Amino acid sequence: MLSTRDKIRMNIRGYRMVHTLVPGILLTLFIQSLMSALLPFINIFMSAKIISALVGQQDLRHLLILAGTTVLLNLVTGLLLSAMTRIGNYHWAKFWQVLDEPLNEKIRQMDYERVEDTAVHLRYEKIKMMRTTNGLGLPRLLWSFSGILQSFFQVVFSVSLVAGAFTSHKTANAGPWSFIFEWWFAVIIAAMLVANVILDIYRASASVKKTTAVIGGFEQVNRIGNYYGEYLSNYKAGKDIKLYALNKSIAREFQDIMDMSVQMAGRVFGALAKYNSLSAVSSTVTSSVIYAFVAIKALFGSFSVGNIVQYAGSLSQLGGGVSSFMFHLSMIMANADALQLIFEFTDMPDLKYQGSLTTEKRADNDYEVEFRNVSFRYPGTEAYALKNLNLKLNVGRRMAVVGMNGSGKTTMIKLLCRLYDPTEGEITLNGIDIRKYDYAEYMDIFSVVFQDFKLFSFSLGQNVATSVAFDQEKAIACLGKAGFADRLASMPRSLETPLYKDFEEDGVEISGGEAQKIALARALYKDAPFIVLDEPTAALDPLAEFEIYSTFNTIVGEKTAIYISHRLSSCRFCDDITVFHEGELVQRGSHETLIADTNGKYAELWNAQAQHYTA
């Protein structure tokens with residue numbers, strides 16, 4: 001439970017974040033709120049003056065001056081309000097574009113261990129759901145900022161115009177209505193206003209608490225719903241949906257999710273309707289008493305006809321202004337809990353030790369990596385994915401990592417790239433624990449192609465370079481080494497050809513094998529001393545596989561290559577083969593040495609695969 005001081009601190013930080021995201025939006029909203037509050041009071045005040053002048057039979061010149069002043073004030077205020085609204089619309093559009101940037105930036109920078117953590121995903125979904133269902137978070141800050149300012153100015157202007165209604169003396173015998181002129185009746189009206197304010201505070205606080213409580217258990221449902229929504233809207237899923245008649249089953253699952261969301265929304269809006277109804281009744285009763293107060297005092301001649309218009313209009317604005325001010329203020333305070341979720345997300349500390357040593361980039365690529373008694377368990381599990389691994393990667397050599405699914409091959413690469421840190425033991429680079437190196441510099445010595453690599457709907461050249469700007473000659477050379485030269489020659493815009501059709505009509509569809517070659521070219525383009533290929537030929541046909549492997553030594557040059565595969569035939573191109581089984585390194589050697597050990601795991605896997613090619 002946040003204290004009032006903590007809530008204020010959260011809101012101040014929230015407004016700083018808003019200002020950082022969209023500089024100038026708060027100033028624009030301030031001016032816009034002032035003009036919006038002022039405009040109705042210009043008409044209330046000037047209408048009262050004009051009516052009083054008419055009743056008092058003022059000359060035409062005086063009436064024209066009043067009318068002209070009214071028009072001029074409305075024109076100036078209206079123009080300012082229009083200008084601020086236009087600028088505000090621009091700022092709002094920009095705000096919605098960059099709203100998720102603090103969260104996205106955190107996701108981009110956070111440790112990979114957190115990226116794979118379901119609890120982190122659920123926390124992210126909760127932030128999004130609170131925004132979607134009740135506008136909580138940064139949007140609520142801006143809405144309430146405008147609401148507080150406008151209602152504050154509304155109250156100030158109202159009080160300045162209505163003060164005379166409570167000081168006007170009784171000019172006629174009011175009979176049974178004499179109490180209207182007593183000081184204590186003014187106190188009663190003030191008490192009714194205060195009660196209405198308290199009810200608004202309760203309404204705002206209760207509605208936020210109710211919303212938070214309802215959506216608390218729907219983070220996972222929301223994640224699943226988003227997944228189905230994105231899947232159904234992705235044209236690349238069309239083949240699977242058609243071939244496997246998934247449209248009905250997916251639609252049914254998606255409808256179930258939507259039904260649950262509708263139920264959640266119904267519970268939220270039902271609670272809001274109850275609280276809003278209470279507030280509406282209270283406001284109506286208070287407004288009725290205020291209008292009766294003004295009417296009775298006017299009836300007994302306490303003020304002129306023009307004053308009646310002024311006081312009635314101002315009292316109406318006062319009641320609404322006070323209620324609105326307190327409502328938005330309470331909403332801001334209640335919104336602090338949502339802001340706390342955002343800041344807890346963006347403030348999540350790094351789990352990894354952040355080193356500072358430089359890797360000293362070497363022209364000779366003379367780097368030596370060693371696993372020293374490394375064991376590893378994934379977070380939240382007790383089973384070891386890797387156990388007591390001792391392994392030295394020799395500079396300039398080709399090492400294949402083979403084994404059955406779940407044997408620890410990819411886990412070893414994740415540890416090598418510091419996506420995770422070892423549970424036990426250490427990994428060294430040139431004799432120094434890799435955790436002591438600057439992470440960005442350490443990652444620069446690796447070019448990695450994982451099984452689940454991602455190509456983007458940008459140009460071919462940008463995909464190879466993973467950058468907007470790229471070296472065309474270098475990109476073409478890398479694509480050629482990866483076996484993509486013929487396909488490149490057929491592309492209408494060469495390196496500028498967009499991949500896929502998400503953004504451009506002339507985008508080209510890439511096959512799985514072609515995508516794999518582009519990913520290989522991307523690894524070569526980085527020109528790092530270590531190349532790590534995790535199942536690089538999984539989507540290639542046998543002929544393409546042979547083409548890649550037959551030129552493998554040429555592709556990697558003098559670099560150190562680590563190659564993970566489930567096809568053991570490819571291992572014959574490597575001079576060092578490591579065999580993993582159930583998280584342990586069980587064999588190491590050349591193909592000839594390992595195949596000669598007929599009782600070894602490698603021979604078992606080789607013979608099991610060979611029978612499918614020799615049958």
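At what angle do helix α1 and helix α13 pack, and how far apart are their axes? Look at the first view for the answer. This is a predicted model, where local features need pLDDT of at least 70, side-chain atom pairs count only at pLDDT 80 or more, and totals for chains, interfaces and linings use all residues. Residues are numbered from 1 along each chain as its sequence is written, and side-chain values use heavy atoms, with hydrogens and water left out.

**View 1. Helices α1 and α13 pack against each other.** Helix α1 (residues 4-21) meets helix α13 (residues 336-346) at about 65°, with the axes 9 Å apart. Helices here are DSSP runs of H or I, at least four residues, and strands are runs of E, at least two. Axes are lines fitted to C-alpha atoms, for helices over the stretch in contact, and angles run from 0 to 180 degrees between N-to-C directions.

**View 2. Four strands form an open sheet.** The order is β2-β1-β4-β5, and the pairing is antiparallel; strands pair if DSSP finds at least two bridges between them. β2 (386-393) and β5 (432-433) sit at the edges with a single partner strand each, so one side of each has no neighbour in the sheet. In β5, D433 is the bridge partner of T428.

**View 3. W143 lies in helix α7 (residues 138-167).** W143 is partly exposed, at 34% relative accessibility (buried is under 20% relative accessible area, exposed over 50%, partly exposed in between, with a 1.4 Å probe and protein chains only). Leaving aside neighbours within four places in sequence, W143 touches W92, W96, G135 and H328.

Methods: Contact = heavy atoms within 4.5 Å.
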